Amino acid sequence: MAELPEHGSPKAARILAAAGELLLSRGSKGVTIAEVATKAHVGKGTVYLYWKTKEDLLLGLISRDFIALADEVIAAVTADPELARPSRLGPNMLEVAARHPYVNALQTGDDVLLGVLADDPRSATLLETLGAGAFLHHILPIWRRHDLARTDWEVADQAFALQALLAGFLTAAPSVASRLPVDDPARVFAAAITALLGPERATPEQVKLAAEEGIHSLAGGRSVALDIISG
């Protein structure tokens with residue numbers, strides 16, 4: 001696996017930091033390579049040594065954010081396999097995603113921040129592998145195998161319902177909460193997942209196995225994000 005540019009180059013690290021600040025404050029349309037170079041105190045040519053286009057640079061930022069999210073969830077589930085339970089993992093992923101602005105922007109379709117990046121095939125690949133909805137789709141069969149989700153429902157229909165529930169909490173919940181305030185939205189989300197998937201009947205050993213398989217799935221998605229960065 002190729003080493004990421006910033007690991008061996010302080011200049012590359014400064015470029016990424018500068019691009020990240022500009023992307024968050026202006027959106028992708030407001031970012032130029034010239035401004036990134038100026039903010040990073042390097043020449044434009046130095047930026048192009050590491051990234052061929054502005055899109056490559058900005059998508060690299062988004063990919064790194066997805067990798068950071070995956071690493072955070074993997075570390076948490078490794079430390080506490082019980083976190084692999086649907087009623088805990090779903091709310092945890094919402095909480096973690098909220099701390100990753102580029103992940104959140106891609107999942108909610110933030111056109112202001114993303115611009116043309118939203119239509120880039122690489123963005124779709126990230127969502128299909130490490131997006132919260134996609135990950136829940138991948139882990140649903142694991143939950144079903146280990147008595148953590150009901151199996152009397154077609155898996156495709158169940159996955160659709162689960163992703164629709166997640167999408168609602170990602171996009172609509174903030175505005176709904178202003179009209180129908182609740183003390184703990186994460187608790188409500190956990191209860192909604194349990195209502196959808198049924199009671200968690202797994203033994204501790206089954207939960208541990210589900211955690212291991214979920215970590216493996218996340219690690220696979222992480223590798224896809226690394227491939228996007230490496231080009």
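His146 is buried, with a relative accessible area of 9%. That places His146 under the 20% cut-off for burial. The model is predicted.

**His146**
- His146 sits in the loop between helix 10 and helix 11 (155–179).
- Not counting residues up to four places away in sequence, His146 touches Ala202, Gln206, Leu209, Ala210 and Glu213.
- Ala202 is 56 residues from His146 in sequence, but their C-alpha atoms are 6.0 Å apart in space.

**Nonpolar core**
- The largest nonpolar core has 71 residues.
- Ile15, Val36, Leu57, Ile62, Leu89 and Trp143 have the most contacts inside this core.
- Helix 5 (residues 54–79) gives the most to the core, with 12 residues.
- Domain 1 (1–52) and domain 2 (63–229) both give residues to this core, so the core lies between them.
- Leaving out residues up to four places away in sequence, Ile15 touches Val36, Ala40, Val42, Thr46, Val47, Tyr50, Trp51 and Leu57.

**Helix 9 and helix 10**
- Helix 9 (residues 121–130) packs with helix 10 (residues 132–145) at an angle of about 40 degrees.
- Their axes are 5 Å apart.
- The two helices, helix 9 and helix 10, are therefore oblique to each other.
- From helix 9, Leu127, Glu128, Thr129 and Leu130 meet Ala132, Ala134 and His138 of helix 10.
- The residues of this contact divide into four nonpolar, two polar and one charged.

Notes. Residues are numbered from 1 along each chain as its sequence is written. This is a predicted model: local features need pLDDT of at least 70, side-chain atom pairs count only at pLDDT 80 or more; totals for chains, interfaces and linings use all residues. Side-chain values use heavy atoms; hydrogens and water are left out. Axes are lines fitted to C-alpha atoms, for helices over the stretch in contact, and angles run from 0 to 180 degrees between N-to-C directions. Helices (H or I, at least four residues) and strands (E, at least two) are DSSP runs, numbered from the N terminus. Angles under 35 degrees count as roughly parallel, over 145 as roughly antiparallel, 65 to 115 as roughly perpendicular and the rest as oblique. Contact means heavy atoms within 4.5 Å. Ala, Val, Leu, Ile, Met, Phe, Trp, Tyr, Cys and Pro count as nonpolar, Asp, Glu, Lys and Arg as charged, and the others, Gly among them, as polar. Buried means under 20% relative accessible area, exposed over 50%, partly exposed in between (1.4 Å probe, protein chains only). A nonpolar core is a set of buried Ala, Val, Leu, Ile, Met, Phe, Trp, Tyr and Cys residues joined through side-chain atoms within 4.5 Å. Domain bounds come from an automatic or database domain assignment.
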